[in-house]
Amino acid sequence: MSSSKVGPVVSAAHLADGALPPLSEVEFALTIVSNAFQRWTVRGMAAAGLPGLTPVEVLILHAVNHRGREKTLADLCMMFNIEDTHIVAYALKKLQGLGLVTGGKRGKEKTARVTDEGAAACKRYRDVREALLVDSVKRLNFGEAELSGIAALMRALSGQYDQAARAASSL
C-alpha cells in the first residue's frame, strides 16, 4: 500500500460522499463497537457461568439487577430504546425460566425482580469484566471524564437517529 491518503474508514463510501463524511466514520465505528460489545456480553456471561444467553438477555438481567428495584416491561424497553416489547418480554420469560428473575405485577403492568441467583450471576460477570476488560481499557489511558464525554456524545447522537427515524417513517 502506498503512503497516499486512503480516506476515511467507512463501510459505505457512497454515504461518506455527503455533507458530513465523518458521520459515516462514526456509523462504521458504532457498528463495529456494537457487534464487539454484544459478543463480549455473551462471552463474558458465559465465562461467569451462564452460557447461552443472547446480548439482550444479558443486558436485561443486568438492568433488572440494577439498584435492586423491580422493573416494569415499559421501564426496560425505555431504558434500552427497544420498540418491540416482545423482545424484552421474551428475554424476561427466558431469564425467569432460568431462575434469574421473578415475575410480578404492579397494577396491570408486568414487573421483574432479580433473584439471588441472578444477582450472583451479575456479580460473577462483574468480576470477569474487571479482570478481562476494565484493566485493558485502563491501559488505553483515557481519562474517566473523556470516557463519560464519549458516552454523552453517543446518547446525544441516539436522539438524532431517533428523530431521523421518526421523520423517515412519515415519508
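## Asking around a predicted model

Reader: Where does T115 sit?
Author: Keep in mind that this model is predicted. Look between strand β3, residues 109–114, and helix α6, residues 116–138. T115 falls in the loop between β3 and α6.

Reader: Is T115 buried or exposed?
Author: Its relative accessibility comes out at 15%. Buried means under 20%, so T115 counts as buried.

Reader: Which residues does T115 touch, leaving out those up to four places away in sequence?
Author: Leave aside residues up to four places away in sequence. What T115 then touches is G99, L100, V101 and T102.

Reader: What is the distance from the side chain of T115 to the backbone nitrogen of G118?
Author: Take a polar atom of the T115 side chain as one end and the backbone nitrogen of G118 as the other. The distance between them is 3.0 Å.

Reader: Are α3 and α5 roughly parallel or roughly perpendicular?
Author: Helix α3 spans residues 55–65 and helix α5 spans residues 85–97, with axes 9 Å apart. They pack at an angle of about 75 degrees. Angles of 65 to 115 degrees count as roughly perpendicular, so α3 and α5 are roughly perpendicular.

Reader: How many nonpolar residues are in the contact of α3 with α5?
Author: On the α3 side are V56, E57, I60, L61 and V64, and they meet α5 residues including I87, Y90 and K94. The contact has two charged residues and no polar ones. The nonpolar count is ten.

Reader: Is R155 buried or exposed?
Author: R155 lies in helix α7, residues 144–169. Its relative accessible area is 56%. Exposed means over 50%, so R155 is exposed.

Technical notes
Residues numbered from 1 in each chain as written. Predicted model: local features only at pLDDT ≥ 70, side-chain atom pairs only at ≥ 80, totals over all residues. Heavy atoms only, no water. Helix = DSSP H or I, 4+ residues; strand = E, 2+ residues; numbered from the N terminus. Buried < 20%, exposed > 50% of the residue type's maximum accessible area, 1.4 Å probe, protein only. Polar contact = N/O pair within 3.5 Å; in protein donor to acceptor, adjacent residues only side chain to side chain. Contact = heavy atoms within 4.5 Å. Axes fitted to C-alpha atoms, helices over the stretch in contact; angles between N-to-C directions. Parallel < 35°, antiparallel > 145°, perpendicular 65-115°, else oblique. Nonpolar A, V, L, I, M, F, W, Y, C, P; charged D, E, K, R; others polar.
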